[in-house]
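Please look over the sequence and the model shown here before reading the notes below.

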Amino acid sequence: MAKAKGKTPKPEELAKIDYSPPEKHWTEVPVELKPGTFCYGARPKYLEEVDFPNPRDWQPYEDDWKLPENWKDIVLEGMEDRLNKYRTFRLFMDICVRCGACADKCHFFIGSGDPKNMPVLRAELMRSVYRKYFTKAGKFFGKNAGARDLTMDVFKEWWYYFYQCTECRRCSVFCPYGIDTAEITIIGRELTNLLGCNTDWIAGPVANCYQKGNHLGLEPHTIQSNIEMMCDDIEEITSIRIEPTFNRKGAEILFVTPSGDLFGVPGVYTCMGYLMLFHELGLDYTWSTYASEGGNFGFFTSNEMAKRLYYKIYAEAKRLGVKWILGGECGHMWRLVHQYLDTWWGPADFLEVPKSPITGTVFENAKSTKMVHVVEFTADLIKHGKLKLDPSRNDHLRVTFHDSCNTSRGMGFFEEPRYVIKNVCNNFFEMPENTIREKTFCCGSGSGLNASENMEIRMRGGFPRANAVRHVNQKYGVNMLANVCAIDRAALTTLMQYWVPDVEVCGVHELVGNALVMTGEKERTMDLRLEDLPGKEEEEEDV
Amino acid sequence: MGALFSLGVVIALVLVALVGVKGAHLQPLFGVVIPYLAVITFFIGLIYRVVKWGKTPVPFHIPTTCGQQKSLPWIKYSKLESPATGKEVFFRMALEVLFFRSLFRNLKMQRSGERVVYGSAKWLWLGGILFHYSFFIVLIRHLRLFTNPVPSFVHLIESFDGFLQIGLPKLMMTGVILLAAVTYLFLRRIYIPSVRYISLPADYFPLFLIMAIATTGILMRYFIRVDVVKVKELTMGLARLSPTVPDGIGTIFYIHIFLVSTLFAYFPFSKLVHLGGVFLSPTRNLANNSRMVRHVNPWNYPVKVHTYEEYEEEFREKMVSVGIPVEKPLETKEPEEATEEESEGKE
């Protein structure tokens, strides 16, 4: 029935990639919505819940997208408005010289060979329209000036390729002018949202997050029971009962993490790691069922929607009267907390500059936003010798670290997670240099692409990352891919099952939880996954 | 196709100057009027573009961080790739503008059996550096035509440029390097399939134009000699705003100056404005300090939000039932409890 979903080819087939561009000029190659490479259209109820325009039943594979008659004017007015609001947009429309340095930097291009996945062409899809309607040269010289009309086909092409970019910013590292395709994709998606053309996989979480506080739509009692279930597991592993608090006024710290940590594996293992750490420290903190989402799918919709969703964080901190905010492991959340939150909702002068109650460290780097990354917090604890760690409990793991796009290129967060991992694991191996840190490759499913109907393009987009993992898997026997992102934990799991089946995925705090020696705990025989710790199960038999 | 079109335009420009000067004797037009107009267009156009960009707000603080952030004091941060202060941003920008830092990072993706590898690829960087610097030096050398006496730094540059001491007049290396570099940039556009695929007429045109400018310049200096004294008379006239057009300057000079004028006039309307744009790029010219210092968005407007009160209104009962604290107690407590009991009783 649904033409969006296609059968995902076998890895051997998918790895055969043809990079030679077609004979025809790209403006003459019409967009082809291949099943398996795009997501379903947003259901009307989701758009209605957040007052977005043009809610209707539609599907991208249908000819008629049911747009308002004046759709073209809406798009062009939207462009003009944004050209005047964003220097990035105007500048990046003007100064590209098409040197091609970005061409082979995009994971989607490397995985698909589709030339319109070269960042330069992705941007040219919009630049060509910009030239036609907003520059004299384009108006007068038309095609010879690289201009083209905005037609329905062009709009569909935008939609297809702007929802086939994960806003990872790898291209912007290599661009001699710092042109950031993410900026163009963000604006491109805003324009599609003016016509109600979001994907269901993004619009659903946005509506959930707006009404219920988190993307997954977990209601307060469910959040509590999910966490209590994790505490049951922790009790089984350690014999220690943890009693976390929810919406508690007067706590020192509000903890906000992506809801992906509250539901499903391997996210919950990371969450168990937080719970154990905070318990062991005796941290005076609270969860919030209202600000129960660190991530922000609004950002994959429009800047305004992103701002609307992030209202909760400071508002809840204020209501509960906490001193500062601690944030969980998440990728785009941290780009937004680091680069946007304070601008949207600051100044948060009702909070105090974050100070670790355990070490006394004042987090000067977060003195305005008042929000600290949990890995920064933990790195500081380890540095001050405040944690008793037994890294040998992770000896069954040979770990590599995937730098998430957003924390890498939108924050510069490289050493903190490595420091923590090296202190809680004995076997750590880096992937090849050109695939990590600021040159890291996307999981292929970021920015709201981690649906199931677009599995082929996800596996293609994740191919460069998976390829580097396979290399360390073969060379060093790596069997665990650690990361600091909730989308990664979900998406890389699928990606590994497809490309490198013997590698599993975990968050950094799962490794911390394994290694953490807790006061009064029983001899550990299981890791946080409730799997036997090799070497320990024999002792168990002896007993 | 784009290449042929652009080549055609440049050839047409050469012919226009040739016919205009040789046929119609419009020396004053090509030697004075057009150059003046071109220079005015260049400056007004470039200022207009830069001011327009500069006036467009930067709503969000979005540097692309290419190195370790400044966080905990014992973690060494990358001052050049993730600058935390204005001074560090200055050095990051200097590296970018003067040494093309980002382009220097360039890698080439290759398949090696099952593996994808990323090898070093510095040719584009080298070609770019040679092109821009040789062009810059050639431009400085031309100051000798617009100054009297010629400043000593121009002499100095000339003596370095001609240090090979080949031929008479001495061979200036930068002219040759410029032509070679621009030819390289053209050839890679033609030969690398992906780059050919993305290229527009607007990418070939400046390359052909600069090739033609360098070629006519070299021809004039070494092969089809023109009377340098008369040329300087004309250029000094331009510089002093009292233009004269001496007789007997070779046509090639007018072709050269017409092509240069075209480049100047074309500059602000083309991708060549990256010259000004690179300084304004928010992914490069902002410090990575957005959690330390609040960045203000000038058009930050109020938005509709879902408040805690609305949230609690929807979930109060569920929250109370599992002991999550609420702001407002459940309404009409007693009757509701009663009904609850009742219904429980029924079940």
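Predicted model: local features only at pLDDT ≥ 70, side-chain atom pairs only at ≥ 80, totals over all residues.

Residues are numbered from 1 along each chain as its sequence is written, and chains are lettered from A and ligands numbered from 1 in the order in which they are written.

**The sheet of chain A**

- Strands count as paired if DSSP finds at least two bridges between them; β1(A) has three parallel bridges with β2(A) (residues 285-287) and four with β3(A) (residues 324-327).
- A:I253 has A:Y285 of β2(A) as its bridge partner, while A:L254 stands opposite A:I325 in β3(A).
- Along β1(A) (residues 253-256), A:I253 and A:F255 point one way and A:L254 and A:V256 the other, and all are buried, that is, 20 or more other C-beta atoms, placed from the backbone, lie within 10 Å of their own.
- In a regular strand the side chains alternate between the two faces of the sheet.

**A helix pair in chain A**

- Helices α21(A) (residues 463-476) and α22(A) (residues 486-499), helices being DSSP H or I runs of at least four residues, pack at about 65° with their axes 10 Å apart, where axes are lines fitted to C-alpha atoms over the stretch in contact and angles run from 0 to 180 degrees between N-to-C directions.
- In this pair, A:F463, A:R465, A:A466, A:V469 and A:R470 of α21(A) meet A:L495, A:M496 and A:W499 of α22(A), contact requiring C-beta atoms, placed from the backbone, within 7 Å.

**The contact of chains A and B**

- The contact takes 91 residues from chain A and 79 residues from chain B.
- On the side of chain B that touches chain A, α13(B) gives the most, with six residues.

**Domains of chain B**

- An automatic or database domain assignment gives chain B domain 1 (2-280) and domain 2 (308-346).
- The C-alpha centres of domain 1 and domain 2 of chain B lie 73 Å apart.

Note on methods
Helix = DSSP H or I, 4+ residues; strand = E, 2+ residues; numbered from the N terminus. Contact = placed C-beta atoms within 7 Å. Buried ≥ 20, exposed ≤ 12 C-beta atoms within 10 Å, placed from the backbone.
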